[in-house]
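Me: I would like a close look at a single part of this model. Please keep it brisk.
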Amino acid sequence: RAAWYGWQFMSLRDAKPHMPRTIRLLEASVPYAHRFIGVARQRAECRGTLHSDRRNYLLSTLTGLAVPKGACGVAVPGSGERLLADGEVVVLDNTFKHVVYNEASEDRFVLMVEIWHPGLSEAEREALATTFAVKDRFTLTQLRQCPWGYSEAELTRSIESRDFKDVAFWRRLSYGLEPGDGDDE
């Protein structure tokens with residue numbers, strides 16, 4: 001699924017068996033928020049739509065993984081633009097209207113992580129994290145739909161093991177990883 005043509009997203013929850021070290025490092029060092037934690041691909045010669053995400057409690061980070069040089073960036077009309085580059089991080093307050101573009105002839109990949117807005121207190125972060133966890137559990141159990149950022153495989157495992165009943169399953173990206181997972185990543 002994509003927000004606009006040319007954009008794809010692979011949640012790290014879906015990639016948990018393949019990227020456990022990355023997940024553990026994020027949990028240990030980044031105040032990650034709720035959903036967008038994963039690898040975002042933007043197709044070559046593609047421009048997103050001008051939009052605002054309207055979530056003033058989050059900031060988005062884009063860390064270049066495989067970014068064509070000088071051709072990919074984020075523009076905020078009236079405020080400038082930032083180019084994306086391998087290994088560099090761009091932090092975006094996505095309440096401002098913005099557009100993400102890739103003018104290169106090859107796809108670009110970034111690690112996209114939504115983080116809590118630094119203006120939130122710890123109590124506010126905890127309350128929001130719990131609210132989203134309960135909402136996702138409700139989406140699964142009452143609406144019988146797949147919440148954003150969860151694969152059917154992960155949800156099936158959580159239902160079979162009954163982990164879906166644990167709020168920590170919904171709050172923690174690393175839920176279910178065994179000690180030592182990712183040592184060879």
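Which residues does Arg-55 touch, not counting residues up to four places away in sequence?

Reply: This is a predicted model. Arg-55 touches Phe-36, Asn-94, Thr-95 and Glu-114, leaving aside residues up to four places away in sequence. Arg-55 itself sits in a loop. That loop runs between β3 (46-47) and β4 (58-66). The relative accessible area of Arg-55 is 19%. The cut-off for buried is under 20%, so Arg-55 counts as buried.

One of these contacts leads on to the aromatic residues. Phe-36, touched by Arg-55, belongs to an aromatic cluster. Trp-7, Phe-9 and Trp-148 are in that cluster with Phe-36.

Now the ring pairs. The count of aromatic pairs comes to 10. Among them is the pair of Tyr-150 and Phe-169. Their ring centres are 5.9 Å apart, with 35° between the planes, and the pair is tilted. Tyr-150 lies in the loop between α2 (122-141) and α3 (152-161). Phe-169 lies in helix α4 (residues 167-171). The pair therefore ties together parts that are 19 residues apart in sequence.

Phe-169 also pairs with Tyr-175. Here the centres are 5.6 Å apart and the planes stand at 90°, so this pair is edge-to-face.

What about burial? Tyr-150 is buried, at 5% relative accessible area. Phe-169 is buried too, at 3% relative accessibility. Tyr-175 has a relative accessible area of 14% and is buried.

Conventions. Residues numbered from 1 in each chain as written. Predicted model: local features only at pLDDT ≥ 70, side-chain atom pairs only at ≥ 80, totals over all residues. Heavy atoms only, no water. Helix = DSSP H or I, 4+ residues; strand = E, 2+ residues; numbered from the N terminus. Buried < 20%, exposed > 50% of the residue type's maximum accessible area, 1.4 Å probe, protein only. Contact = heavy atoms within 4.5 Å. Phe/Tyr/Trp six-rings, centres within 6.5 Å; stacked < 30°, edge-to-face > 60°.
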